Amino acid sequence: MTTITPQRSGTGLADGGLHSLRTGAFDFESGGHLPAVDIAYETWGTLNAQKSNAVLLLHALTGSTHVASSSEIPEDGWWEGMVGPGRPIDTDTWFVVAPNILGGCYGTTGPSSLDPDGTPWGSRFPFTTIRDSVRAEVRLADALGIERWQAVIGGSMGGARALEWAATYPERVAGMGVIACGAHSTAEQIAFAQAQIQAITLDPNFRGGDYYGGPTPDGGLGIARKIAHITYRSEPDIGERFGRKPQLDEDPFGDPVCRHGRYQIESYLDYQAAKLAKRFDANSYRVLTEALMSHDVSRGRGAESSVLAEIEAAPFIAAVESDRLYFPVQSENLARQLPGEVTVHMIDSAVGHDGFLTDMEQLGEALRRDLGL
């Protein structure tokens, strides 16, 4: 990992790889404070001399900086088909930056990061909002000398950040891509999120958030992931893949006292839970879920219609037809309140919300056209 300090004369970065920006004290909307914040990010392509060819990509809730493979990190990323030479976001032309969100656990300062005394922040990590995350990303842009992004693009939680960028810093965003996300978190989305947070905080190993150095709340985090994953996939997709079939030789009716065999869907959710628990911090999951609950582009700014009517960035709005977490109507409501006639591009996928990850390439040309890429 390359570490850089803020500078405006150039990036000093290799083409590709993981980098870290060390920046100063940070004050949160909530009144919380950290004495310093590190921002981890990956890059692809080359920033031109005018610093006018930059694109910012923003990940979803449990995503990371690793959008696509590079010579430094050859593993496939979460948007592999979208970013790279000759791909919709062509790195022969564009300098692509993907930061890890504030409060995360992939290099940017979060609850598992150490305080100046060497102790994880844990329960002391401040309540974080989408706007806090964007302000941290502004520091990264400043350090790289990027005064204006050609586009800021994200899906789900990344879409919330892209919209907030366009509303808060209009002079710094030429185009915004808001994918599978509306103008605010709905009551239902908040309800799903609250259940996930409680699954984590009620785990006996959570210990108020100060579990580092001991047993971790993997059980609670796993249940949270199961709840979330159900909302990420459509009912037809789950039904077609798993139906009511038992898992291999497990018989759901095999014990006369207490059922112990699993259906395939149960095994699948157990696998997803264990997989996340190995790679993600439970505190970060809680902090970021609360941040997404805070998403409301009009909060403290007046009527939503007025706030959106003032957005200057060229829009690319997309939804997944089968999404049951961020229904397409939420994208349509967002588009209707933006200036001009804004098309909502539909991702034709039976997968559900995750279609913005699995099937985004079908809208590659539309994204290039709408955002001038």
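Start at Tyr285. Beyond its neighbours within four places in sequence, Tyr285 is in contact (heavy atoms within 4.5 Å) with Leu61, Thr62, Gln196, Ile200, Leu221, Ala224, Arg225, Ala228, Leu276 and Phe280. This is a predicted model: local features need pLDDT of at least 70, side-chain atom pairs count only at pLDDT 80 or more, and totals for chains, interfaces and linings use all residues. Residues are numbered from 1 along each chain as its sequence is written, and side-chain values use heavy atoms, with hydrogens and water left out.

Tyr285 also belongs to the largest nonpolar core, which has 72 residues. Such a core is a set of buried Ala, Val, Leu, Ile, Met, Phe, Trp, Tyr and Cys residues joined through side-chain atoms within 4.5 Å; buried means under 20% relative accessible area with a 1.4 Å probe, protein chains only. Trp149, Leu163, Trp165, Met176 and Tyr285 touch the most other members. Helix α1 (residues 130-144) gives the largest share, eight residues. Helices are DSSP runs of H or I, at least four residues, numbered from the N terminus. Another core lies apart, with 28 residues, including Leu57, Val96, Ile153 and Leu373.

Now the open space. On a 1 Å grid over the protein atoms alone, a pocket is an open set of points where a 1.4 Å probe fits, with protein on both sides within 12 Å along at least five of seven lines; lining residues have an atom within 4 Å of a point. Grid points are joined across faces, edges and corners, and volume is the space filled by probe spheres set on them. The largest pocket has about 750 Å³. Of its 39 lining residues, Thr62, Arg225, Tyr232, Asp354 and Leu357 are the closest to its centre.

How values were computed: Buried means under 20% relative accessible area, exposed over 50%, partly exposed in between (1.4 Å probe, protein chains only). Helices (H or I, at least four residues) and strands (E, at least two) are DSSP runs, numbered from the N terminus.
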